[in-house]
Amino acid sequence: MTSLVVVSAGLSNPSSTRLLADGLTSDTVEALGAGVEVTTIELRDLAHQITDHLLTGFPGVKLGEAIEVVRRADGIIAVTPVFSASYSGLFKNFFDVLEEGVLDGKPVLVAATAGTARHSLVIEHALRPLFSYLHAVVVPTGVFAATDDFGDDGLDRRSARAAGELAALMGKASAPAGSLGNRRTVEDEFAEPTPFDKLLRQASGR
Amino acid sequence: MQIGIFSVGDVTTDPTTGRTPTEFERIQAQVEIAKKADDIGLDVFATGEHHNPPFISSAPTTTLAWIAAQTKNLIMSTATTLITTNDPVLLAEDYAKLQHLSGGRVDLMMGRGNTGPVYPWFGKDIRQGINLAIENYALLHQLWREDVVTWKGRFRTPLQGYTSTPRPLDGVPPFVWHGSIRSPEIAEQAAFYGDGYFHNHIFWPSTHAEQMIRLYRQQWEKHGHGPSDTAIVGLGGQFFMRKNSQDAWKDFRPYFDNAPVYGHGPSLEQFVDGTPLSVGSPQQILEKTLSFRDYAGDYQRQLFLIDHAGLPLKTVLEQLDLLGDILPEMRKGFAEGRPAHIPEAPTHASMVAKAGGGKDSTVYAEADAATGHRAEDLMEVSA
């Protein structure tokens with residue numbers, strides 16, 4: 001079973017951010033074919049727990065589950081409204097509380113919504129660098145939707161193209177854990193601790 | 001089972017009165033709290049180590065020596081000693097001296113510290129945190145076990161034929177615990193040496209403690225120290241109690257809501273539910289404490305944090321009185337169903353017995369190899 005996780009940072013209900021996320025999801029599911037499990041994470045529902053995590057350093061139960069789902073995802077669709085020339089604070093905070101390495105090598109489709117097309121480069125100037133920094137594989141086509149894009153053929157075409165790229169990456173590039181570089185995550189250490197003599201050698205730089 | 005308290009040594013405004021103690025008041029309060037702990041029959045007092053405001057816990061061996069001089073049975077310990085930024089050569093001296101002064105009532109817990117800036121204050125690099133903890137402890141371990149050490153490493157100047165003084169009391173180094181919340185390398189380190197492992201077990205969900213303890217116990221067995229259930233485990237904990245549960249919640253809430261670490265975050269209810277913090281009647285504190293064994297197994301040391309977040313001395317001493325009242329029941333509870341082969345935490349006496357009796361390990365110096373002088377000669381010269 002392939003796991004597709006959708007992270008939506010829309011605040012209202014219904015929200016155009018969620019609408020865009022749903023469209024991208026159905027296109028991706030279609031492109032992937034059978035055997036896809038979709039989990040949608042609405043960050044609004046986790047807003048308090050995300051703030052608590054920033055303050056206390058550990059996730060509440062629901063947030064912990066959401067992080068676990070993202071850790072195990074084969075591919076991610078991340079959608080945010082544009083706030084003040086960038087992704088929303090809530091959207092950023094969610095990715096801030098992920099442990100190092102959670103997104104390593106994961107295919108991510110980035111998308112954003114805003115009132116007008118003037119914000120469209122937020123995809124390239126804010127979202128893409130964020131996920132590149134987190135060592136995700138960002139699909140070449142990002143999808144931006146201004147209010148008047150909904151119902152427009154152009155959005156459908158971009159959505160289908162981005163979804164196709166994500167599906168292709170999920171098929172071909174879903175790297176097994178640990179195959180990217182030599183990063184060992186905390187989870188790796190618990191599963192298979194580095195032998196002490198090796199820790200001692202590393203400590204002394206030998 | 002050892003039961004005791006550990007103190008961070010924070011100077012925090014009492015949110016109910018707006019009053020902030022002076023350093024003098026807080027330092028003296030810590031001493032009063034430790035003396036009270038001895039009075040009610042607790043086993044351990046451990047001080048933190050911080051080198052910046054709002055803490056009063058720098059110079060930990062000075063504090064511990066002063067407390068040791070005024071207590072009878074209490075074991076002096078730390079929570080934690082910064083093995084990253086302290087020179088292991090100095091640590092070896094300080095804690096061996098404390099052993100001699102306190103008659104062996106000392107052990108210590110290694111940690112990496114909780115603030116980044118402390119590293120440069122002592123000329124160290126925070127990116128090397130784990131590596132410093134590993135190399136420095138390896139040297140400290142050697143200094144306490146070999147009279148003459150020749151050593152070369154990465155983080156300090158080499159040692160040539162160096163003898164750390166005083167030698168450990170009775171030839172037995174202090175027992176060492178390693179504290180870490182989420183670094184598996186430290187659980188591995190503790191297991192490798194056959195040392196104790198302590199999880200601070202406050203502020204975070206118990207799943208963190210459970211995961212670390214499981215790894216430590218597994219590696220303890222793997223490194224040949226015995227079955228996993230004989231590993232030496234310590235846990236922290238945090239409580240606030242009143243005779244009536246409602247009073248405990250009412251009285252603790254303002255301190256919780258404004259506490260430096262978790263204040264202005266989750267509610268007290270969420271925190272009690274999701275972390276080892278217990279608030280309520282003595283009976284409720286007793287029950288939650290005894291439930292720690294469900295995921296930690298039978299363990300050796302339980303320390304409580306009771307003097308933080310601006311709680312005034314009077315309240316802290318009341319907390320200790322209440323703890324004293326339930327202490328016999330707590331000990332009884334911990335003993336219930338505990339298999340006979342589970343060891344107690346090592347003490348100076350038990351380690352001396354295990355070594356086949358104490359031996360004086362004083363190293364009497366020959367003439368100084370460089371100058372040919374002996375101490376007596378130099379005294380004659382200065383006279």
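**Entry 1: a helix on the sheet of chain B**

I began with helix α7 of chain B (residues 206–222), which lies across β9 (196–199) and β10 (233–235) of chain B and runs at about 170° to β9(B). For such angles I took axes as lines fitted to C-alpha atoms, for helices over the stretch in contact, with angles from 0 to 180 degrees between N-to-C directions. Contact between two residues requires that their C-beta atoms, placed from the backbone, lie within 7 Å. Helices (H or I, at least four residues) and strands (E, at least two) are DSSP runs, numbered from the N terminus.

I note that this is a predicted model, in which local features need pLDDT of at least 70 and side-chain atom pairs count only at pLDDT 80 or more, while totals for chains, interfaces and linings use all residues. Residues are numbered from 1 along each chain as its sequence is written, and chains are lettered from A and ligands numbered from 1 in the order in which they are written.

**Entry 2: the sheet**

I traced an open sheet of nine strands in chain B, with parallel pairing and the order β3-β2-β1-β13-β10-β9-β8-β5-β4. Because β3 (75–78) and β4 (81–82) of chain B stand at the edges with a single partner strand each, one side of each has no neighbour in the sheet. Pairing here requires at least two bridges found by DSSP between two strands. I then looked up β5 (residues 108–111) and β8 (residues 176–179) of chain B, which pair in the parallel sense over three bridges. M110(B) has H178(B) in β8(B) as its bridge partner.

**Entry 3: backbone exceptions in chain B**

I found a cis peptide bond between A79(B) and T80(B), with omega about 5°; T80(B) is in the loop between β3 and β4 of chain B. The bond from T165(B) to P166(B) is also cis, with omega near -10°, and P166(B) lies in the loop between β7 (159–162) and β8 of chain B.

D170(B) is partly exposed, as 19 other C-beta atoms lie within 10 Å (buried means 20 or more, exposed 12 or fewer, partly exposed in between, with C-beta atoms placed from the backbone). H264(B), likewise not a glycine, has phi near 65°. H264(B) sits in the loop between α8 (245–257) and α9 (268–274) of chain B and is exposed, with 10 other C-beta atoms within 10 Å.
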